Amino acid sequence: MVTSDVSKGARSVAILGPYSSGKTSLLESILEHTGAVTRQGSVEAGNTVGDASREARDHSMSVEINVATVEYLGEKFTFLDCPGAIDMRYEATAAISAVDAAVVVCEDDAKKVPALQLILKQLEDRGIPHFLFLNKVDKAETRVRDIIPMLQPASKLPLVLRQILIRDGDEVKGFIDLAMERAYIYRSGQLSEEVELPKDDKEREADARFAMLEKLADYDDALMELLLDDVNPDEGTVFGDLSDEFQHGDICPVLLGSAAKGNGVTRLLKALRHEAPYVSQTAENLEVSERESCAQVLKTFHTEHGGKLSLLRILTGQFADSSTVYGRDGAEDRISGIFTITGQEPKKLSGMAGPGDTVAFGKLENCKTGDTISLVKGDDVQVGIPAPEQPVMGISIAAKAHSDEVRLTAALEKIIDEFPSISLEHNQQLGELVLWGQGDMQLRIARERLVRKYGIDVATASRKIPYKETIRKSTEVRGRHKKQSGGHGQFGDVVIEIKPLPRGMGFEFSDSITGGVVPKQYIPSVEQGVREYIASGPLGFPVVDIAVHLKDGSYHSVDSSDQAFKSAGRVAMVEGMKECSPVLLEPVMAVKVVIPSDATAKVNGIISSRRGAILGFDARPGWEGWDVVDAHIPESELGDLIIELRSITAGVGTFSAKFHHLAELTGRLADEVTKSVAG
Ligand SMILES: Nc1nc2c(ncn2[C@@H]2O[C@H](COP(=O)(O)OP(=O)(O)OP(=O)(O)O)[C@@H](O)[C@H]2O)c(=O)[nH]1
Ligand SMILES: [Mg+2]
C-alpha cells in the first residue's frame, strides 16, 4: 500500500479513453478542483485549457496530448490527456511510456466497447495500473450494475465497482463510496456534501459492497476467510486490498462521475493520491531504477515561435538547464531551457528537474518522441516503446507555389516530429510526395497545420498507383536508324526478338551476334536504347517481364556510332511492341485485416467487392474475440479501405499491406487507367 508522501516526487497520470468520452472535460475539472483555474471551461464553449490548438478547437476533439501539472493536497500530479480519435492513438502509446497510472474515461455506450478494449489491452500489456472512470453519469439512464457487465468484456482484469449512485427517480443525486460506506450528494461548483446513508439504499449498498469484497478476496485469502465467517473487514483492510491489487494489476477499479459537472472528481483525485505508485516504482517496472539518470520523451512540440520542445518524464537523476544529454545511438544534445507545460503553453522553470517531474526540455534537436535520454555519456539504453503502426492511408501532396517546395518538406518533418505515426515518402518513380497517416482525420489535421502554422498552401490528390505493363506475344522486328545530313551520317541497324517472360522476371537482354554484323562495342548501346524505351511502354507505364534478344543487324564503317545503335534499338522497340499485345499490370498487395470476430463475415464481403481474393482467416494471436483475415487485394482498391473497415467495427478494425505481385488488368478498369495517363 502506498502512503502519500511529497518527498517521493510528482506523479504522472495518463487520461485515456474512447473518443469523446470526456477526457479533456475531466482534465478541466481537475484543474478547477485543484485551483489551477478558477472556473471550469467546457469543450462546447471552446474555453478549456486543453485542446488549445486551432485544429483541436475547430474539430471539437483532442488531436494531441494536453499536459497539466497541478498540486493536490500538497502533492504534484502531471496529467496527460490523450486524444481518443483512433487516428491519434500513437499519442497515447508514447505518453504512457513512463506514467505511474492511467485513468480510462468511459461511458454507457456499447458502441465504444471495442475502442475501450483496445485501450485497456495496451495498458494490460504494458503493466500500467489503471482505473476506469465511468463518466457522464448525469445522463446515464442505465443502472450502473448493468453497465459494468457491458464493459467487462473489454477488460481482462475484473472490473471492481467502488461506488454506487444515489438516484431520485431518474436524476442522479450523488454516490455511495463502498469502501468507506459513506454517502455524498453532488453539489454544482462545490465539493459533494456527506450525508447519512439513505435508508432505501442500505440493502443495495450492502450487496454492492459484498460484490466488491468478493472480487478483492480472490487475491486475498485472509479477506476470503473473513467473508466466509461473515465478518465485516475494517476500512484499513479494504483500502489496503484496493490499493495493492490495483498496483499489482490484479483488478481495474471503477469510479463514477460527471466530468462536465465536476462530480466524482474529488474521489478520483483522492484515489490517485493514495493509490497511484510513485516514480520509484515505475522506474523499477521499467528496469531503470539503477541508472544514474534517465528520462523518457513522451511528446515533441514545435512551438509557434519555432522552438522544439521535448516533453519528458524524469525517472531517475537531476537534470539542470544547459546540461548535455545523451540519447539513442549516442545522439548528443544540450538542454536549452526547462519548462512546465499547461495545455501547450510552456513556462520556464528555474532550477533542476528531478525524479517524477514531467517537464519539457528546449532544443533537443537529435531527440525524438519515444527516446530515452541520460546525462551519462555512453548510456543510451532505451526503455523502448512500440513503433507506430503501419500507415493505412496516403495522399499525394504538393506545394501550390513552386517556391514553397523546400519549406513544405521542412514543415512536414516538423509535423512528423509531433506525430510520429505520420510518414513521408518521396516516390521518385511516380514523381510525387506521399503523406502517409493513420486515417483521413490525421491527414486532414496535418494539412490544416501546414496551412495555419507554416503558411504553406498545398494541393492534395489521390496517390498514384505504380502500374506496369508487359506483353503477351512475341515478335521479331528490324529497327533502323539512318540519317544523312552532310559530312558524317548516322547509321545503325538491328534485328531483335521481343518475348514475354514469366511474372516477376523483370527484364533480360541477350545477343547472338556472330561475324561482327553489329560490332561488339555497339551492343551495349542497343541495350541502352531498349532500356530507355521500356521506362514507358505503349500504354504509358514501365515495361516489365520481357526479354529482348539481339540477333542480327548491320553497320557502316564511317557512319555507325553508339548514338546511332541506341536509336536503332529504340526504333525497333517502338515498332515491335505494337505487335506484342501489350497489357497493363497492377500491383496486388498481401493484406492482413484485423477485426473483432463479429465483423469477419462483413469483411469477407468488403474484400470481394474490392476485387480481393481471401486466402483464409484465423484467430488473432493474443487477442481474444479477434480475427485476422489474409487476402490479396489490388493496391488501387486500398485507398479508403480503412474508412470502410472502421465503419463496420466501431473504429477498431485495421489492416496492414505489403506488395505481393503484379497481376494483369484488362477491360474497363484498364481502359480508365490508360486513359488517365494519356489525358
Ligand atoms: N452529459 C455529460 N457530457 C459530458 C461529460 N463529460 C464530457 N461531456 C461532453 O462530452 C463531449 C466530449 O467531451 P471531451 O471532454 O472533449 O471528450 P474527450 O474524451 O476529451 O474527447 P477526445 O479527446 O476528442 O477523444 C463534450 O460535448 C462534453 O461536453 C459529462 O460528465 N456529462
Ligand atoms: Mg480530449
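Q: Which rings does the cluster of ring pairs link?
A: In this model, which is a predicted one, ring pairs join Phe175, Tyr184 and Tyr186 into a cluster.

Q: And how many aromatic pairs are there by this rule?
A: The count comes to eight aromatic pairs. One of them is formed by Phe77 and Phe79, whose rings are stacked, with 6.2 Å from centre to centre and 20° between the planes.

Q: Are Phe77 and Phe79 buried or exposed?
A: Phe77 has a relative accessibility of 1%, so it counts as buried. Phe79 is buried too, with a relative accessible area of 1%, and the cut-off for that word is under 20%.

Q: Where do the charged ends of Lys112 and Arg620 sit?
A: The charged end of Lys112 sits over the ring of Tyr19, at 4.5 Å from the centre of that ring. The charged end of Arg620 sits over the ring of Trp623, and there the distance to the ring centre is 3.8 Å.

Q: Switching to the metal, what coordinates the magnesium ion?
A: The magnesium ion, which is ligand 2, is coordinated by OG1 of Thr24 and OG of Ser62, at 2.0 Å. Thr24 belongs to helix α1 (residues 23-33), while Ser62 is in the loop between α2 (54-59) and β2 (66-72), so the pair ties together parts that are 38 residues apart in sequence.

Q: Buried or exposed, those two, Thr24 and Ser62?
A: Thr24 is buried, and Ser62 is buried as well.

Q: Okay, strands now. Why does β30 lie largely in the open?
A: Strand β30 covers residues 613-619, and of these seven residues the number buried is zero, which is why the strand lies largely in the open.

Q: How does β30 pair with β31?
A: The two strands pair in the antiparallel sense over six bridges, with β31 covering residues 626-634. In one of the bridges Ala613 has His632 of β31 as its partner. The hairpin of β30 and β31 has six residues between the strands, and in this hairpin Gly622 takes a positive phi near 80°.

Q: Which residues other than glycine have a positive phi?
A: Most residues other than glycine have a negative phi. Among those with a positive value are Glu287, at about 60°, and Ala650, near 50°.

Q: Where are Glu287 and Ala650 placed?
A: Glu287 is in the loop between α10 (279-285) and β12, and it is exposed, with a relative accessible area of 72%. Ala650 is in the loop between α16 (641-648) and β32 (654-665), and its relative accessible area of 37% makes it partly exposed.

Q: Last one: how many residues apart in sequence are Ser462 and Gly639?
A: They are 177 residues apart in sequence, whereas in space they are 8.0 Å apart, C-alpha to C-alpha. Ser462 is part of strand β23 (residues 458-462), and at 65% relative accessibility it counts as exposed.

Key
Residues are numbered from 1 along each chain as its sequence is written. Chains are lettered from A and ligands numbered from 1 in the order in which they are written. This is a predicted model: local features need pLDDT of at least 70, side-chain atom pairs count only at pLDDT 80 or more; totals for chains, interfaces and linings use all residues. Side-chain values use heavy atoms; hydrogens and water are left out. Buried means under 20% relative accessible area, exposed over 50%, partly exposed in between (1.4 Å probe, protein chains only). Helices (H or I, at least four residues) and strands (E, at least two) are DSSP runs, numbered from the N terminus. Two strands pair if DSSP finds at least two bridges between them. Donors are N, O and S atoms within 2.8 Å of the metal (3.2 Å for Na, K and Ca); water is not among the atoms, so sites may look incomplete. Rings of Phe, Tyr and Trp (its six-membered ring) pair if their centres lie within 6.5 Å; planes under 30 degrees apart count as stacked, over 60 as edge-to-face and the rest as tilted. A charge sits over a ring if NZ of Lys or CZ of Arg is within 6 Å of the ring centre and within 35 degrees of the ring normal.
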